[in-house]
Amino acid sequence: DLPPSLLGYASVGVKMRILLATLDSLEHLDFQRGVLDNEACARLANMIEGEYVLAPQLTHLKVSEAFSGDDGAASVFKAIGTRPMVFQSVQTLAVVSRHMKVNACRALGSALQNALPKLQKLRLLSTPIGSNGFISLLRGIEDSACASTLRELTFSKCGICVEGAKLLGLLIGWDCLPSLQELVLSGNQNLGDEGVTYLAQGLQGSSKIKLDSLLLNSVGMGDAGLKSLAEAIESGALLECRKIDVNSNAPLCNIIPFSCALRCGGLKNLTFVAFNQNKIEPHEVTVVASALI
């Protein structure tokens with residue numbers, strides 16, 4: 001690992017030389033605040049496309065508010081997509097960026113499709129890609145080698161709406177993500193009941209997926225969405241799930257369907273369930289608690 005400040009305060013030329021000197025042995029690479037401005041992105045993209053970069057041992061790649069614009073991010077991900085061998089060992093890709101939009105998502109979708117065959121964890125946090133960006137990433141995953149290896153999908157506070165949830169539900173239902181164990185869609189307030197229903201239907205339609213964790217806190221879900229989720233539970237679609245979080249869904253009032261699903265044995269391994277900051281009556285909490293015993 002490089003010290004966190006090493007790339008943060010060096011000039012662009014020095015950053016690139018440091019990168020070249022260390023990439024062949026690095027296992028973790030974290031680009032932090034402001035490191036990848038447009039000039040740095042252009043140089044890095046040229047290095048990758050020019051076959052100067054090879055990271056055979058790199059397993060964790062993280063970009064934390066390092067991009068200064070969508071075009072720079074797009075150029076780097078596009079370059080990765082054109083060189084399948086560069087980051088072929090990466091298992092975790094995490095992105096936090098206010099500046100990553102649709103163009104960068106299209107480029108990253110291409111990289112997912114062509115160049116990250118061993119990816120297990122894809123995490124985007126506070127990155128406002130919207131449903132269009134999300135769909136671009138899912139399309140890249142759909143036809144990729146990593147579709148069969150992905151164990152975690154985290155898209156927290158990414159501005160995903162119903163259309164994005166619809167496609168994700170379809171991919172889950174078609175068993176395009178057979179190894180998925182953790183799904184985090186927290187903070188996407190516009191998913192609502194309709195988006196959650198599409199996800200629940202996808203889970204019901206899958207014959208392979210075995211989720212361990214499902215986080216749907218702050219997604220604008222109400223009673224209809226929870227009812228759809230309860231139906232998926234009753235069908236056995238979440239039989240292996242240990243953690244369900246539906247905190248901070250203000251429209252949610254009626255959790256009786258969830259307690260009924262619990263009594264049906266649809267969550268035999270459940271160890272954590274959270275309904276905080278919803279409009280739930282105290283007596284309903286008691287009903288759920290009794291179903292857990």
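View A. Ser248 is partly exposed, its relative accessible area being 24% (buried means under 20% relative accessible area, exposed over 50%, and partly exposed in between, with a 1.4 Å probe and protein chains only). The model shown here is predicted; local features need pLDDT of at least 70, side-chain atom pairs count only at pLDDT 80 or more, and totals for chains, interfaces and linings use all residues. Residues are numbered from 1 along each chain as its sequence is written, and side-chain values use heavy atoms, with hydrogens and water left out. Ser248 sits in the loop between strand 8 (243-245) and helix 9 (256-263); helices (H or I, at least four residues) and strands (E, at least two) are DSSP runs, numbered from the N terminus. Phi of Ser248 is near 55°, a positive value in a residue other than glycine.

**View B. Glu65 in its loop.** The loop that holds Glu65 lies between strand 2 (60-64) and helix 3 (70-82). With 16% relative accessibility, Glu65 counts as buried. Glu65 is a residue other than glycine with a positive phi, near 50°.

View C. Nine strands make up an open sheet with parallel pairing, in the order 1-2-3-4-5-6-7-8-9; two strands pair if DSSP finds at least two bridges between them. Strand 1 (28-31) and strand 9 (272-274) are the edge strands, and each pairs on one side only.

**View D. Strands 4 and 5.** Five bridges join strand 4 (residues 121-125) to strand 5 (residues 152-156) in the parallel sense. Opposite Leu125 stands Ser156 in strand 5.
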